[in-house]
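Dear colleague,

Please find below the structure that I am handing over to you. My notes on it follow directly after.

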Amino acid sequence: MELRRLLRDRRERAEEKAERGKLGRWRRSVVEPAAGLVLDVGVGMGFDLPHFRNATAVVGIDWDLEYLRRARKRLAGSPVKSWLVAADAQAMPFRAETFDSAVATLVFCTIPRPELALAEVRRVVRPERAVRMLEHVRFKNPIAGKLQDLITPLGKRLADGCHQNRDTVGAAKRSGLVVEAVRPHLRGYMLEIDARVPAGM
């Protein structure tokens, strides 16, 4: 447990530093347009919270209580009313069509069954509303992708279950979301994904 805490301390410091660079800009690009009552899937340590400008309120969920504790430090920096809820993204405790939009940043790499969680997002967000994501994914280059396959088992142990080789765009489509745009960064390793819930579920 002590090693896990130290790894998370180190990860939090690294992410705080990254937020001052490109990662922060990409995160803001995904989060800031989210409007209405917004679901933040896998809120983690709360780095999305300062970027909500068009939301009326935000509900951030995470199954990990330690992450939620760290996220509380960033609640004061949120420009809108925000709540943190302990919940599993694969089985959300919300009624259908509760939210006006959803965001997820660097979360579907760690969820054990991402398609199940994306189907839950589809269920709890109203039809024709936006689902915006920032995710790292498997490279299309076969050599780089194979390298990600090889390092994923170690990454899962050291980074809270993080998979380096997920196909989040494909998972979103298979869950029934409509993917409207994908903006790649870092040669396609990091993607901004604009999706929406289809009409007539």
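**Findings**

Val 41 is buried, with a relative accessible area of 1%. This residue, Val 41, belongs to strand β1. Val 41 is 94 residues from Glu 135 along the sequence, and their C-alpha atoms are 12 Å apart in space. Please keep in mind throughout that the model is a predicted one.

Gly 44 is located in the loop that runs between β1 (36-41) and β2. With a relative accessible area of 10%, Gly 44 is buried, since the limit for that class is under 20%. Between Gly 44 and Arg 129 there are 85 residues along the chain, and 23 Å separates their C-alpha atoms.

**Cysteines**

How many disulfides does the structure hold? The number is 0. Cys 109 is buried at 2% relative accessibility, and Cys 162 is buried at 8%.

**The largest pocket**

Three helices, α1 (2-18), α2 (22-31) and α5 (142-158), each contribute at least two residues to the lining of the largest pocket. Which of the elements provides the largest share of this lining? That element is α1, with 9 residues. Sorted by class, the lining of the largest pocket comprises 16 nonpolar, 7 charged and 3 polar residues.

**The second largest pocket**

The second largest pocket holds about 450 Å³ of space. It is lined by 28 residues, of which Gly 42, Asp 62, Tyr 67, Val 107 and Thr 110 are the closest to its centre. Here α1 and β2 (55-62) each supply at least two residues of the lining. The most again comes from α1, which gives 3 residues to the lining of the second largest pocket. By class, 12 of the lining residues of the second largest pocket are nonpolar, 10 are charged and 6 are polar.

**Aromatic rings**

The whole structure was searched for aromatic pairs, and 2 were found. In one of them, Phe 94 and Phe 99 are arranged edge-to-face, with 5.1 Å from centre to centre and 85° between the planes. Phe 94 and Phe 99 are both buried. A further ring, that of Phe 47, has the charged end of Arg 74 over it, 4.1 Å from the ring centre.

**Loop residues**

Glu 128 has a positive phi, near 70°. Glu 128 is found in the loop between α4 (114-124) and β5 (130-136), and with a relative accessible area of 44% Glu 128 is partly exposed. Leu 186, which is not a glycine either, has a positive phi of about 55°. Leu 186 is placed in the loop between β6 (178-185) and β7 (190-196), where Leu 186 counts as partly exposed at 45% relative accessibility.

Ser 78 is 20 residues from Val 58 in sequence, and the distance between the two C-alpha atoms is 9.3 Å.

With kind regards

Note on methods. Residues are numbered from 1 along each chain as its sequence is written. This is a predicted model: local features need pLDDT of at least 70, side-chain atom pairs count only at pLDDT 80 or more; totals for chains, interfaces and linings use all residues. Side-chain values use heavy atoms; hydrogens and water are left out. A disulfide is a pair of cysteine sulfur atoms within 2.5 Å. Buried means under 20% relative accessible area, exposed over 50%, partly exposed in between (1.4 Å probe, protein chains only). Helices (H or I, at least four residues) and strands (E, at least two) are DSSP runs, numbered from the N terminus. Ala, Val, Leu, Ile, Met, Phe, Trp, Tyr, Cys and Pro count as nonpolar, Asp, Glu, Lys and Arg as charged, and the others, Gly among them, as polar. On a 1 Å grid over the protein atoms alone, a cavity is a set of points where a 1.4 Å probe fits but cannot get out, and a pocket is an open set with protein on both sides within 12 Å along at least five of seven lines; lining residues have an atom within 4 Å of a point. Grid points are joined across faces, edges and corners, and a volume is the space filled by probe spheres set on the points. Rings of Phe, Tyr and Trp (its six-membered ring) pair if their centres lie within 6.5 Å; planes under 30 degrees apart count as stacked, over 60 as edge-to-face and the rest as tilted. A charge sits over a ring if NZ of Lys or CZ of Arg is within 6 Å of the ring centre and within 35 degrees of the ring normal.
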